[in-house]
Amino acid sequence: MIARLSGIVIMKREKDIVLDVHGVGYRVFVLPATIEHATVKQECVLQTHLHQTENASEIYGFNSLEELNFFEHLIAISGVGPKSAMGVLSVAPVRDIQQAIVQNDPTLLTRVSGIGRKTAERIIVELKEKLEKLGLSGEPMDNNFADALDALVHLGYARNEARRALGQVAKEHQDPQARVKEALKILGKK
């Protein structure tokens, strides 16, 4: 199995990049944040998962082992394929998604195209205990982050760009409207 790839980015597309690894081009499906940060003709190192079916072999790449591990937990759930798992990981940071699961809150998960309430609840049932064993508690999660992120996306900003700007917003701005205003100021400086 291919567990890691290190190579030069030779192409970026909407959902994947092509890495040249010693003369072989590997098409790797990645998260939007990875595409945004990848630079053509620059080196890129990804933790990978090889997903094989009878019709295709696909490589999914991640910037961190945390993302990879969570992706593998998601695809082990009946009804959640790799594309849906990538959608989940694109919605919010891994820790926020995990907190939503521990708190029995399917709202964040149902924002993903193709994941309805029943699938979201199945994800919660199957992953909650595993996440609690890892030390995650049911302390309140920052749902306002996800609301502010959605608002910025609806205003026309790319999800990754909006997420990065929201990450720079000071912690005292808790409600989504205040976060959006501050993020817009940050985005306006670019």
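Student: What is the relative accessible area of Q42?

Tutor: This is a predicted model, in which local features need pLDDT of at least 70 and side-chain atom pairs count only at pLDDT 80 or more, while totals for chains, interfaces and linings use all residues. Residues are numbered from 1 along each chain as its sequence is written, and side-chain values use heavy atoms, with hydrogens and water left out. Q42 is found in the loop between α1 and β4; helices (H or I, at least four residues) and strands (E, at least two) are DSSP runs numbered from the N terminus. Q42 is classed as partly exposed, the class between buried (under 20% relative accessible area) and exposed (over 50%), for a 1.4 Å probe and protein chains only, and its value is 45%.

Student: Leaving aside its neighbours within four places in sequence, with which residues is Q42 in contact?

Tutor: Contact means heavy atoms within 4.5 Å. R122 lies 80 residues from Q42 along the chain, and their C-alpha atoms are separated by 40 Å. With neighbours within four places left aside, the contacts of Q42 are with G7, I8 and V9.

Student: What is the relative accessible area of K41?

Tutor: K41 is found in the loop between α1 (32-37) and β4 (43-52). Its phi is near 75 degrees, a positive value in a residue other than glycine. K41 counts as exposed, with a relative accessible area of 69%.

Student: What is phi of N104 near?

Tutor: N104 lies in the loop between α4 and α5. With a relative accessible area of 44%, N104 is partly exposed. Its phi is a positive value in a residue other than glycine, near 60 degrees.

Student: Does D96 count as buried or exposed?

Tutor: D96 lies in helix α4. Its C-alpha atom is separated by 8.8 Å from that of L108, 12 residues apart along the chain. The relative accessibility of D96 is 16%, and D96 therefore counts as buried.

Student: How are α2 and α3 oriented to each other?

Tutor: Axes are lines fitted to C-alpha atoms, for helices over the stretch in contact, and angles run from 0 to 180 degrees between N-to-C directions. The axes of α2 (residues 65-75) and α3 (residues 82-91) come within 9 Å and cross at roughly 135 degrees. Angles under 35 degrees count as roughly parallel, over 145 as roughly antiparallel, 65 to 115 as roughly perpendicular and the rest as oblique. The orientation of α2 and α3 is therefore oblique.

Student: How many nonpolar residues has the contact of α2 with α3?

Tutor: The contact is made by E67, F70, F71, L74 and I75 of α2 and P82, A85, M86, V88 and L89 of α3. Ala, Val, Leu, Ile, Met, Phe, Trp, Tyr, Cys and Pro count as nonpolar, Asp, Glu, Lys and Arg as charged, and the others, Gly among them, as polar. By class, the contact has one charged residue and no polar ones, and its nonpolar residues number nine.

Student: How many of the residues of α3 are buried?

Tutor: The buried residues of α3 are P82, S84, A85, M86, V88, L89, S90 and V91. The helix is mostly covered, and of its 10 residues the number buried is eight.

Student: What is the handedness of the crossing of α2 and α4?

Tutor: The axes of α2 and α4 are 10 Å apart, at an angle of about 40 degrees. A crossing is left-handed if the near helix is turned anticlockwise from the far one by less than a right angle, and right-handed if clockwise. The crossing of α2 and α4 is left-handed.

Student: Which residues do ring pairs link into a cluster?

Tutor: Rings of Phe, Tyr and Trp (its six-membered ring) pair if their centres lie within 6.5 Å; planes under 30 degrees apart count as stacked, over 60 as edge-to-face and the rest as tilted. The whole structure holds three aromatic pairs. Among them, F62 and F71 form a tilted pair, 4.9 Å centre to centre with 45 degrees between the planes, and both residues are buried. The cluster linked by ring pairs consists of F29, Y60, F62 and F71.
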